[in-house]
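Subject: Structure handover

Hello,

Please find the structure below.

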Amino acid sequence: MLQKVKDIARSMLAEKQADGVLGLIRGQWDIIQPHVFDNLRQVDSLVLEPKWLLAKMAMTVLRSSPEGFRLAVIVRGCDERALTELTKRNQIEKDRILTIGIACSDEQASVCLCRRPYPEKLDAGEAVAGMDPFQDETTRELLVGDGPARMEKWAHLLRRCIKCYGCRNSCPICVCIPCKLEDEVWVETGVIPAEMISYHLIRAFHLSDTCVACGACQDACPVHIPLVALQLSMREALRQVYGYEAGLDPEKRSPILYDLFKEPAAGQVLPDWVNTLGKRDES
Amino acid sequence: MNPEFIKTICPYCGTGCGLILKVEKEKVAGIYPDREHPVSQGTLCIKGWFAHEFVHHPDRLRTPLVRKGDRFEAISWDEAILLAAEKLEATAETYGEDAIGGLCSAKCTNEENYLFQKLIRMAFGTNNVDHCARLCHAPTAAGMAQTTGSGAMTNSISDLAGAECILIIGSNAAESHPIIMGEIYKAVDKGATVIVIDPRKTAVAQNASMHLPINPGTDIPLLVGMMRHILDAGLHNAAFIQERMEGFEGLRNFLQSWPVERAAEECGIDEGRIRNVAEIYAKAKDAAIVYCMGITQHACGTANVHAVCDLAMLCGKIGREFSGVYPLRGQNNVQGSCDMGGLPNVYPGYQSVADPSIQEKFQMAWGRELSARPGLTVTEMIASAGKDIRALYIMAENPALSDPDVNHVLESLAKLDFLIVQDIFLTETAKFAHLVLPATCFAEKTGTYTNTERRFQLLRQAVEPPGEAKGDFEIICLLANALGLDFPYSHPGEVMDEIASLVPAYGGVRFDRLERAGLQWPCPDAHHPGTRFLHEHKFTRGKGLFVVPQYTPPFEKPDGEYPHYLNTGRMFAHYHTGTMTRRSPFLNRELEGAYAEIHPEDAQRAGIREGDRIRLTSRRGSIVTAARISQRVLRGSIFAPFHFAEARANILTNPVLDPVSKIPEFKVCAVKMEKEPHEDEE
C-alpha cells in the first residue's frame with residue numbers, strides 16, 4: 001500500500017497535478033510528523049501510520065498558499081469525508097484539492113468503531129468491512145438504555161472538561177468565525193469545567209449533520225471524554241431517517257438545511273435512540 | 001513557500017508536552033499537538049494550543065535598553081555587553097565578589113542555565129546563583145534528597161494510569177497540569193480510587209472519589225494520622241522497611257504522640273475518614289502520591305515532603321512501577337534549571353559546592369578557583385539587595401510579581417546599584433533594571449528542557465528572534481567572554497557534552513539521542529536507555545530514610561483583625577506572572593483581570609456580590625480585586641491567583657521562610673476583606 005501511495009504521490013508531483021502532497025514524513029531519528037512534500041526525493045520518507053488526521057491542516061495550508069496552488073492530501077475514509085464537507089461548505093476550493101485515498105486496517109477500524117474505514121475514492125490498500133458502533137458495549141452503555149443513569153454518566157464524564165478547546169481546534173469541520181463557544185453569552189469564561197449544555201451540546205449540535213466521526217475531537221481530549229459517542233445518535237438519526245451521511249456525496253446537501261419537508265410524518269414513532277438523554281416516553 | 005512543521009516542547013508547565021509549530025513566512029502561524037509525543041500523545045491544554053500567540057507580540061523587546069533617568073534608551077549590543085561587564089567587575093572590586101548575585105531561569109534551557117551558573121561561579125567566585133525553584137519545589141529537592149537521595153519525581157507520568165489508588169495533595173492538576181490529570185483519569189477509568197487532600201474544592205477535588213478539605217497548613221497532622229492508623233492496624237510493609245529502610249524506630253516513636261484523634265482535631269477531618277483513607281492507600285496494590293504547591297509552599301514545606309515520603313515508604317509504595325511519589329514541577333524547565341546547578345549550594349547534578357573533591361573536579365574542568373561557601377538564595381538575595389548584594393543579573397525571572405511580600409521586593413530592587421534583566425518582554429522586574437537585554441522565547445531557540453518526569457527533551461528553533469534580540473545562550477557567552485572567561489560554544493549540543501562529562505547521572509545524554517523521545521535521567525552512559533522509575537533495587541542514597549516530620553502550624557492564623565485565610569495559586573488560562581499568557585489574545589479572552597474567590601456566606605455577611613470590587617488587606621499591604629463568589633473555597637477562606645500585575649496577590653503573602661529550604665509560606669496568610677466603592681463612585 002505504501003509503495004503505491006508513494007508512486008501516486010510522485011506522479012502527481014512530476015506531472016504537476018499537485019504542487020504539494022500533505023502526508024506524514026519519517027525523518028531522521030524516526031521522527032514522524034505531518035509534512036507538505038514538494039519534491040520527488042522527499043517522497044521516499046513518506047509513511048502512512050499512525051492515524052493522523054490531516055483535513056483541517058489541509059484547509060489551513062491551502063488558505064495560506066498562493067492562488068492556484070494545488071494540494072494533494074493522503075486521506076483515510078474520515079479525512080476524505082471531512083474534505084468533502086469542507087468543500088461543500090465553501091471552505092476549500094474543489095479544484096485545488098486532490099486526494100490519495102488509503103484504506104484503514106481492521107485493527108484501526110475497531111479502535112475507531114468506524115462504519116466506513118475506507119474513502120469513496122480508494123487508491124491504495126484493501127477496504128475492510130466497517131462496524132456498527134452501536135454494537136460496541138461501552139458505546140451502548142453511553143447511548144442506549146436507562147436515561148437518568150446515562151445522564152449521570154455523561155454529566156460525570158463531561159465534568160472532567162478542562163476547557164482546552166482541543167475538541168473544537170482539532171475538529172476538521174469546526175470552522176465558524178466567530179465561534180459560538182467563544183461567546184460569553186453561551187460559555188462562561190474563566191472557569192472550568194466548561195458547561196455541559198452550553199459548551200458540549202452546542203458543539204455537538206452544531207456538528208450534527210457535518211460530523212464525519214473521524215474522532216479528532218476524542219483523540220485531542222486530554223481527559224478522555226468519549227466525544228465521538230456524543231455525535232453518534234444524531235448521525236444515526238440522519239442515516240436512518242434520511243439516508244444521509246455527512247461527507248459521502250459531494251452533491252448531496254444536509255437534510256437539516258434542505259429537506260425539512262421530509263420530516264417524519266406526524267404520529268410516526270421515533271426510534272428510542274433519538275431520545276438520547278431525556279426521560280423515555282413509554283407510551 | 002510551503003508551511004513547515006517543527007516539533008518542539010511547550011514553554012508553559014513542567015509536563016513538557018509536544019507541540020508542532022506551523023511556520024509560515026517566517027512566523028509561527030499555528031500549533032498542532034504532537035501525536036507521537038511520549039507524554040502528551042496528541043493532546044494539549046488551552047495554554048499549549050495557544051502558545052504561539054505571544055511569540056510575535058509587538059511588545060517583544062527588540063534591542064538592548066539602558067536606563068537614562070526614568071526612561072530607557074536603545075543601545076547597541078557592544079555597548080550593552082561592555083556596560084554589563086564593567087559594572088559587574090567594578091561592583092565586585094568595590095564590594096567583593098559576594099556582592100554579585102545571579103538569578104537563572106526555569107523558563108530557559110538546560111544549556112543556558114548551565115552556562116549562567118558557570119558564568120556567575122567562574123567570573124566572580126561566588127555561589128550566589130538561584131532561581132524561582134526556591135519558590136516552588138525547594139522543599140522537594142531538600143526533603144526528598146534526605147529521604148531517598150534524589151529530589152525528583154520517582155516515577156513517570158504514564159505510571160499514574162496504572163495506579164489503583166492516587167492520593168493528590170495540594171495539587172490542582174486539572175488547571176495547573178492538565179495533561180497529567182488526563183493520565184489520572186485513565187486510572188479512574190480502570191477503577192482507581194482518587195483521594196484529594198486540599199482546603200479548596202478544586203476541579204480535581206470535584207471529580208475525586210473522596211475529598212478531604214483539611215484546615216490550611218495541616219498536611220502533617222493528616223499524614224501522620226494516616227501513618228499512625230496504618231501502623232496500629234498492621235498495614236505497613238514490614239518486609240520493605242526491614243530490608244530497605246532506616247530510621248523506622250524514630251518515626252514509630254514520633255507517631256506515638258499522634259493518635260488519630262489528635263490528627264483529626266488538628267486537620268479538621270473526621271477520624272473515621274482518616275482511617276478509611278489510610279486503609280485504601282495502604283491496601284492498594286499500586287498507589288501513587290501526587291503533590292504540588294499545597295505541600296511545599298509552607299514554612300514547614302520540607303517537613304511536609306518528609307511526611308509524604310514517610311507514608312509512601314511505610315507502605316513500600318516506592319521504587320516500583322505505578323506507585324511512587326510525584327511532585328509535579330511547575331515551570332517547563334524547573335527540573336532542568338535545578339539539575340544544571342542553578343542553586344546556591346550545588347554544582348550541576350546536585351554535587352555539593354562544600355565537598356572538596358567536587359570543588360576540585362569543577363576547578364579542574366573550568367580552570368578557575370571556585371568558592372566552597374554556599375551562596376544566597378533568591379529570597380535572601382532580594383532581602384539583602386542594596387546591602388550585601390549590590391548588583392543582580394536576572395535572566396527571565398519576574399520577582400516583582402512572583403516573590404512574597406512584593407512591596408518589600410520592589411523596595412529592594414530599587415536599592416540595587418546595578419540590575420541587569422534579560423527577558424523577552426519589559427516585565428515588572430525589568431522596569432527596575434539599569435540594563436535590559438532582549439532575549440529569545442522557546443520558538444526561537446535550540447536546546448533542551450527537562451520535564452517533571454526527568455525527561456530531557458529537545459527544543460527546535462522554528463523562527464528568528466525579533467529585531468536585534470539574541471538567544472540567552474549567545475548573550476551569556478558574550479558576557480562571559482567580556483568578563484575574560486573563555487566560552488567558545490557555538491551550539492548547545494557542545495554544552496550538553498560538557499554537562500555529560502561532569503555529571504555521572506547525565507553521562508549518556510547527547511543531543512542526537514534526544515531527537516525521538518528524549519531521555520529520562522539517570523542515564524549514565526551512551527547505551528543506557530534512561531530510567532522510567534527511581535529507587536528500584538536500592539534508594540539513590542542507599543537505604544531509604546524515615547525523617548520525623550515536625551509539625552509547625554501556619555505562621556499566621558486568622559484573628560479579629562484579619563479574619564480570613566488567604567490561599568494563592570494558578571488558574572487554568574494563565575501562567576505565573578502572566579508575561580506570556582496575558583499577551584495571548586485567546587487566553588486573555590478567557591480571563592482578562594484579577595479576581596478572588598470568596599465563599600457565598602462570607603460574601604453575604606460582607607454585603608459583597610459577584611463582580612464587586614473588594615479590597616484584601618494583610619499585615620504587609622493591600623490589593624483591590626474583583627469578587628468571584630464560589631463554593632470552591634471553604635467558609636472563611638479566600639483564594640487569589642497571582643498572575644496579575646494590577647492586583648499582585650503576593651503583596652499580601654507572608655515572607656516567613658521554611659528553615660531548611662527557605663521557601664516562603666505562599667499558601668497561608670491572614671487577610672481582611674472590604675467592599676470597595678465602584679470606580680465611578682470614588
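How much space lies in the second largest pocket? The answer is about 1,000 Å³. Please keep in mind that this is a predicted model.

The second largest pocket has a lining of 43 residues. Nearest its centre are Ala145(B), Gly149(B), Ser150(B), Gly151(B) and Tyr350(B). Two helices of chain B, H4 (138–147) and H15 (334–339), each give two or more residues to this lining. H4(B) has the largest share, with four residues. Sorted by class, the lining holds 23 nonpolar, 15 polar and five charged residues.

The largest pocket has a volume of about 1,200 Å³. Its lining is made up of 49 residues, and those nearest the centre are Lys56(A), Arg168(A), Asn169(A), Ser170(A) and Cys174(A). Both chains take part: helices H2 (55–64), H7 (166–170), H8 (196–206) and H9 (216–220) of chain A, and strand E3 (27–33) of chain B, each supply at least two lining residues. H2(A) gives the most, namely six residues. By class, 27 residues of this lining are nonpolar, nine are polar and 13 are charged.

Next, the nonpolar cores. The largest one contains 150 residues, and the members that touch the most others are Phe54(B), Ile166(B), Phe442(B) and Leu616(B). Take Phe54(B) as an example: leaving aside residues up to four places away in sequence, Phe54(B) touches Tyr12(B), Arg60(B), Ile424(B), Phe425(B), Cys441(B), Phe442(B), Met580(B) and Arg583(B).

Last, the cysteines. A disulfide is a covalent bond between the sulfur atoms of two cysteines. How many disulfides are there over all chains? The count is zero. Cys114(A) is in no disulfide, and the nearest cysteine sulfur, which belongs to Cys112(A), is 6.4 Å away. The cut-off for a disulfide is 2.5 Å between the sulfur atoms. Is Cys114(A) buried or exposed? Cys114(A) counts as buried because its relative accessibility is 12%, and the limit for buried is under 20%. Cys161(A) is also in no disulfide; the nearest cysteine sulfur is that of Cys167(A), 6.6 Å away. With 8% relative accessibility, Cys161(A) counts as buried too.

Regards

Definitions and conventions
Residues are numbered from 1 along each chain as its sequence is written. Chains are lettered from A and ligands numbered from 1 in the order in which they are written. This is a predicted model: local features need pLDDT of at least 70, side-chain atom pairs count only at pLDDT 80 or more; totals for chains, interfaces and linings use all residues. Side-chain values use heavy atoms; hydrogens and water are left out. On a 1 Å grid over the protein atoms alone, a cavity is a set of points where a 1.4 Å probe fits but cannot get out, and a pocket is an open set with protein on both sides within 12 Å along at least five of seven lines; lining residues have an atom within 4 Å of a point. Grid points are joined across faces, edges and corners, and a volume is the space filled by probe spheres set on the points. Ala, Val, Leu, Ile, Met, Phe, Trp, Tyr, Cys and Pro count as nonpolar, Asp, Glu, Lys and Arg as charged, and the others, Gly among them, as polar. A nonpolar core is a set of buried Ala, Val, Leu, Ile, Met, Phe, Trp, Tyr and Cys residues joined through side-chain atoms within 4.5 Å. Buried means under 20% relative accessible area, exposed over 50%, partly exposed in between (1.4 Å probe, protein chains only). Contact means heavy atoms within 4.5 Å.
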